[in-house]
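Please open the model in your viewer and keep the selection panel at hand. The stops below are meant to be followed in order.

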Amino acid sequence: MTDTYKRAVFVAPGEIRIDELPIPEPGPRQVLVKVKACALCTWEQRVFTGEEKFYPLAGGHEVSGELVKVGQYVYTDAQIGDKVMASPLIRCGYCESCRRGMDNICDNMRKSFRETDVPGPAGLAEYILLDDYQLYQTTNGASYEEISLTEPLACVLRSVRKARVQRADNVVVVGAGVMGMLHLLLCKQAGARVIVSEIDPTRAAFARQMGADAIINPLEKPFAEQVRGLTHGRGADVIFCAVSIAAAVEQSIDAAAKGGRIHVYASIHPRSARITIDPNPFHSNEIVLTGSMSQDKDDVLQAVRLISRGLVDVKPFISLVLPFDRLVEALQAAIRPDTYRVIVTM
Ligand SMILES: [Zn+2]
Ligand SMILES: [Zn+2]
């Protein structure tokens, strides 16, 4: 009899099925990782609540674990027993996007490269089979829980890099969730002054504690007016929209400085939402409206190093750690507004 492992599958709103499967043998250019921690991202939360109906889904893409088996033709410095980060995002390497340096939005990211019965990254499981390029070595310095937050940090590294945050820039981060807070940390490290826009008083207080230079509440006074008030009337050099609300993007256009960048970091929901914009500031003030999604392989490498060397402390964003057999409870906690990241451990 072969040994088996457990894997969680989202099958309907609020419903999780636990499959018992044989532990796979890594083939050529594959590795097997024993999952130790998996953080619950907004995507899994939306599938759990039914806001995004993607069923069945083998969820879990913020994964850390122990390297247990290495297949043929895998060239890595990581040793069996090492603490590793698993990046299950598919980067085929040969589609046009990958070849043009955008492997974060690989044309084949939704296609299956393996004989899997259920689509999805499948990190909410006791084992995960990876292709060689999906494995990242750590320095073994940080905890499994911290390493599981590599993926969200990598997304934010990309966001901050693409928005070209400069020293002494006036930056506004809209939304003080985990993603907003990681933007705050990285922008502060880059030498910017950071204003956080948040309506929830508890989150606003946390943002201040995490180093925000100013906090604004867009429900009290118009957003653009407050941003201009804090920037000598100039507006913000960079505005990160880390909330799913379309109106936040619309308001940001009015709050951007000359040459300012408005960066749509979060996906907007409902997906049918539309905004109305005045095209003139794009011409007269040379503002830029852009965004980013996921991370490329370089972003992941940087994020792993930042966390494992203690250069970015993600511990304040870990709200709760629960064992895998309490996954439903963990998801229920993750969707509450008073939690940041909830992590399950195997
Ligand atoms: Zn994520
Ligand atoms: Zn590709």
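Is Y73 buried or exposed? Select Y73 in this predicted model and display the C-beta atoms around the residue: Y73 is exposed, because 10 other C-beta atoms lie within 10 Å, and a residue with 12 or fewer counts as exposed. Y73 sits in the loop between strand 4 and strand 5 (83-86), and its phi is positive, about 60°, although Y73 is not a glycine.

Select R29 next, in the loop that runs between strand 2 (15-22) and strand 3 (30-39). R29 is not a glycine, yet it has a positive phi of about 60°; with 15 C-beta neighbours inside 10 Å, R29 counts as partly exposed.

Now turn to two cis peptide bonds. One of them joins Y55 and P56, with omega about -10°, and P56 belongs to the loop between helix 1 (42-49) and strand 4 (62-70). The other leads from H269 to P270, with omega near -5°, and P270 is placed in the loop between strand 12 (256-264) and helix 9 (280-284).

For the next stop, select helix 4 (residues 150-162) together with helix 5 (residues 178-189), whose axes come within 9 Å and cross at roughly 55°; the two helices are therefore oblique to each other. Their crossing is right-handed. To see the contact itself, show P152, L153, V156, L157, S159 and V160 in helix 4, which meet V178, M179, L182, H183, L186 and C187 in helix 5. By class, this contact has ten nonpolar and two polar residues, and no charged ones.

The crossing of helix 4 and helix 10 is right-handed. Here T150, L153, A154, L157 and R158 of helix 4 meet residues of helix 10, among them D299, Q302, A303 and I307. The contact of helix 4 with helix 10 has eight nonpolar, two polar and two charged residues.

Finally, zoom out to the whole protein chain, which holds eleven helices and 15 strands. Its radius of gyration is 21 Å, close to the 20 Å given by the globule rule for 346 residues, so the chain is as compact as a globular protein of that length. Along its principal axes, the C-alpha trace spans about 70 × 40 × 40 Å. If you colour the chain by burial, buried residues make up 46% of the 346 residues.

Technical notes. Residues numbered from 1 in each chain as written. Chains lettered and ligands numbered in written order. Predicted model: local features only at pLDDT ≥ 70, side-chain atom pairs only at ≥ 80, totals over all residues. Axes fitted to C-alpha atoms, helices over the stretch in contact; angles between N-to-C directions. Helix = DSSP H or I, 4+ residues; strand = E, 2+ residues; numbered from the N terminus. Parallel < 35°, antiparallel > 145°, perpendicular 65-115°, else oblique. Left-handed = near helix turned anticlockwise from the far one by under 90°. Contact = placed C-beta atoms within 7 Å. Nonpolar A, V, L, I, M, F, W, Y, C, P; charged D, E, K, R; others polar. Rg over C-alpha atoms; globule rule 2.2 N^0.38 Å. Buried ≥ 20, exposed ≤ 12 C-beta atoms within 10 Å, placed from the backbone.
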